[in-house]
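Hi,

Here is the structure I promised to pass on.

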Amino acid sequence: MWFFSDEHRMLQDTVRQFAADELSHCVQQLDEEEDFNEEAFRKLGPLGLLGITVSEADGGAGLGAVAATIAMEEMGAVDASTTLSYLAHAILCVNQIGVNGTPEQKEKYLPKLLTGEWIGGMGMSEPEAGSDALGMKTRAVLSGEEYVLNGTKMWITNGPVGDLFYCYAKTGEDRRAVSTFLIESEMPGFARGKKISKMGMRGSPTGELIFDNCRVPVANRVGTEGKSIGMMMRNLDLERITIAGISLGIARASIDASVQYAKDRKQFGKPIGAFQQIQERITEASAWYEACRCLTYTAAQMWDQGLMAGKDAAMMAAKAKLQSAQMATQVALDAIQIMGGYGYSREFPVERYMRDAKLMEIGAGTNEILRLIIARQMLGTVVDL
Ligand SMILES: Cc1cc2nc3c(=O)[nH]c(=O)nc-3n(C[C@H](O)[C@H](O)[C@H](O)COP(=O)(O)OP(=O)(O)OC[C@H]3O[C@@H](n4cnc5c(N)ncnc54)[C@H](O)[C@@H]3O)c2cc1C
């Protein structure tokens, strides 16, 4: 993007190199085996990427949403699964501790999370509360110096491998009485449920978290009791901007693969790129990708410059994520079509791109929920959400 700083460009080169060296050689195999590239993940620590948005004073890289989105795009172009796990760690868990944690919580947890010694995740969704996140049923009840948690979190990225989870639970009867807890995987009453087998993002482990009278010290509550919704929504906005970077990466890889194929593959005595219908798919894909790139990085830049707050931030983040996600799925599908039978085969990565891209239309707010957020901001109370 034209406004990237020298620091952003250096970061882009670093992450691109990391993806080429550490992710590309095994991404296909890990997708097949549904296995996590833990070794590469931990190497993100020494590169300073695991606390990309955490302040330098707290040991992080002190960068912002633009930088985080660059990291997502560059890694996402090679291995969207590892990138999704990275996002859950760096944006959903570590960033939240950096922004909302007490000095003691930061001192206790950030060093392990920033080096990659510990893997983090975030627990909001539940079996019966997805889009309606405030319908969550997990309860935390204060008992002396501890909270006792009961409930189940569902679809948690890094659930099967994580050491610390930034989790939400109800602490009152009011629908909005949501509190946040830092939950270690070794705490009594915590258990991992089943690992979920998925269509795409297969290299990113997803699972359930089960709290069965899980005892969490009061010192592990983040923020004021019952007042977590603001922090939760603010992080969802940042998640939507940065996760759009993964969509951009997948789309770019799809376009690169289809352009190369359209030059190489000959039919009727010509490269298939000579046919106007193939040109139309490639040019439309490229234009849509560039449009989404402008929208997403503009949202990230506005975030970094403090130009976005409240409902405006929610709408802008929703627009960037909605368009980029739909674009990535369509562009990956087009790449399959351009590559014909080879596109449909597992010999080429574009079928994986399509499977990975589809998650972008579901996680961090489905397309439908994002449209509701945008509509509510544009039409006001006419829209019921
Ligand atoms: C691979 C993966 C990783 C994930 N990682 C995490 C994680 O780390 N942490 C976490 O907390 N969650 C995570 N999630 C959960 C994710 O955020 C939810 O899947 C998502 O919010 C949708 O919830 P749901 O699956 O329960 O679908 P539902 O909410 O049940 O929706 C089903 C369908 O109904 C539609 N719908 C629902 N409400 C409305 C409405 N009001 N108007 C119109 N349509 C509507 C939806 O758009 C969707 O099409 C992950 C999910 C996946 C698949």
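The domain bounds I use below come from an automatic or database domain assignment. One caveat before the details: this is a predicted model.

On that assignment, the chain splits into domain 1 (6-120), domain 2 (122-222) and domain 3 (229-382). In secondary structure it has 12 helices and 10 strands. The radius of gyration is 21 Å, close to the 21 Å that the globule rule gives for 385 residues, so the chain is as compact as a globular protein of that length. If you want a box for the C-alpha atoms, take roughly 80 × 50 × 40 Å along the principal axes.

Now the domains. The C-alpha centres of domain 2 and domain 3 are 30 Å apart, and 9 residues of domain 2 are in contact with 9 residues of domain 3. On the domain 2 side of that contact, the residues come out as 5 nonpolar, 3 polar and 1 charged.

Where does the ligand lie? Both domain 2 (122-222) and domain 3 (229-382) give residues to the shell around the ligand, so it lies between them. There are 22 residues around the ligand, and those that come nearest are Met 124, Gly 130, Ser 131, Thr 366 and Glu 368. Strand 1 (120-123), strand 3 (146-157) and helix 12 (367-379) each put at least two residues into the shell. Sorted by class, the shell has 11 nonpolar, 9 polar and 2 charged residues.

The other thing I looked at was helix packing, with helix 4 in two contacts. Its axis (residues 65-76) and that of helix 5 (residues 80-100) come within 8 Å and cross at roughly 160 degrees. Angles over 145 degrees count as roughly antiparallel, and helix 4 and helix 5 are therefore roughly antiparallel to each other. From helix 4, the contact uses Ala 68, Met 72, Met 75 and Gly 76; they meet Ala 80, Thr 82, Thr 83, Tyr 86, Leu 87, Ala 90 and Ile 91 in helix 5. That contact has 8 nonpolar and 3 polar residues, with no charged ones.

Helix 4 also packs with helix 8 (residues 276-304): the axes come within 7 Å and cross at roughly 145 degrees. Here Ala 65, Val 66 and Thr 69 of helix 4 meet Thr 296, Tyr 297, Ala 300, Gln 301, Trp 303 and Asp 304 of helix 8. By class, the contact of helix 4 with helix 8 has 5 nonpolar, 3 polar and 1 charged.

Cheers

Conventions:
Residues are numbered from 1 along each chain as its sequence is written. This is a predicted model: local features need pLDDT of at least 70, side-chain atom pairs count only at pLDDT 80 or more; totals for chains, interfaces and linings use all residues. A residue is near a molecule or strand if its C-beta atom, placed from the backbone, lies within 6 Å of it. Helices (H or I, at least four residues) and strands (E, at least two) are DSSP runs, numbered from the N terminus. Ala, Val, Leu, Ile, Met, Phe, Trp, Tyr, Cys and Pro count as nonpolar, Asp, Glu, Lys and Arg as charged, and the others, Gly among them, as polar. Axes are lines fitted to C-alpha atoms, for helices over the stretch in contact, and angles run from 0 to 180 degrees between N-to-C directions. Angles under 35 degrees count as roughly parallel, over 145 as roughly antiparallel, 65 to 115 as roughly perpendicular and the rest as oblique. Two residues are in contact if their C-beta atoms, placed from the backbone, lie within 7 Å. The radius of gyration is taken over C-alpha atoms; the globule rule is 2.2 Å times the number of residues to the power 0.38.
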